[in-house]
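Please examine the sequence and the model shown below.

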2 protein chains.
Amino acid sequence: MYGLIGKFIAAEGQRDALIDILLEGMASLPGCFSYVVARDPQDASAIWITEVWDNAESHRASLELPSVQQAIARGRPLIAGMERIAETAPAGGHGLAKEPL
Amino acid sequence: MYGLIGKFIAAEGQRDALIDILLEGMASLPGCFSYVVARDPQDASAIWITEVWDNAESHRASLELPSVQQAIARGRPLIAGMERIAETAPAGGHGLAKEPL
């Protein structure tokens, strides 16, 4: 499996709007086991995104999907910064879908 | 919801053994929606753990469970370091269980 841990910094006052766009745009992602969008209670502009995919190619391919392209286009003006915290290789876990979504 | 993103550093050569203990010990956690254990491909000693809980109290209570206490006791000698990257408030996502596990 392939995983990502990332952090977005929203433009001021735009965090909730950006979260809505992220959740809507990512509703159906081939090869995705898990995609969680979280607020940072310590930083009113920060969003944490943690992802689990079957492999890196599925993640890459998702960026070309029309729904994701639209989300990127809508979300970009609301993003002040992005940071990739880690690229991971999930070994397993609990609460992961048995099959990709 | 309540989330955690953390990083363990395993003692040299002990990462896979520590991952096994983490996965076994966390097989049944009341209030837990997701618990993912991942290797860091860039650092042979690093493990990333991302968690989603219904609330912080469920997470705290899990640390008292006999299965988790046993995992902590078995895992502790294999841990060289721990770092809490973020405490989060998950807003939603895909691939989360409908109910806690």
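A polar contact is a pair of N or O atoms within 3.5 Å; within protein, one atom must be able to donate a hydrogen and the other to accept it, and residues adjacent in sequence count only if both atoms are side-chain atoms. By this rule, 12 residue pairs, both members at pLDDT 80 or more, are in polar contact across the interface of chain B and chain A. This is a predicted model, in which local features need pLDDT of at least 70 and side-chain atom pairs count only at pLDDT 80 or more, while totals for chains, interfaces and linings use all residues. Residues are numbered from 1 along each chain as its sequence is written, chains are lettered from A and ligands numbered from 1 in the order in which they are written, and side-chain values use heavy atoms, with hydrogens and water left out.

E4(B) gives the most, with 10 residues. In total, 31 residues of chain B are in contact (heavy atoms within 4.5 Å) with 31 residues of chain A.

The size of an interface is often given as the accessible area lost when the parts come together. Chain B and chain A bury about 2,400 Å² between them, 65% of it on carbon and sulfur atoms; this area is found with a 1.4 Å probe and summed over both parts.

Strands also pair across the interface, where pairing requires that DSSP find at least two bridges. Strand E2 (residues 32-39) of chain A and E4(B) are antiparallel and share 5 bridges. Val36(A) stands opposite Gly93(B), and Arg39(A) stands opposite Ala89(B).

Arg39(A) also forms a salt bridge with Asp16(A), with the closest N and O atoms 3.0 Å apart. Asp16(A) lies in helix H1 (residues 15-25) of chain A and Arg39(A) in strand E2 of chain A, so the pair ties together parts 23 residues apart in sequence. A salt bridge places a side-chain nitrogen of Lys or Arg within 4 Å of a carboxyl oxygen of Asp or Glu. The count between chain B and chain A is 0.

Finally, a rotation of 180° with 0.0 Å of shift along its axis superposes chain B on chain A (RMSD 0.0 Å), by least squares on the C-alpha atoms of residues with pLDDT of at least 70 in both. That is the relation of a two-fold axis.

How values were computed:
Buried area is the accessible area (1.4 Å probe) that two parts lose on being put together, summed over both. Helices (H or I, at least four residues) and strands (E, at least two) are DSSP runs, numbered from the N terminus.
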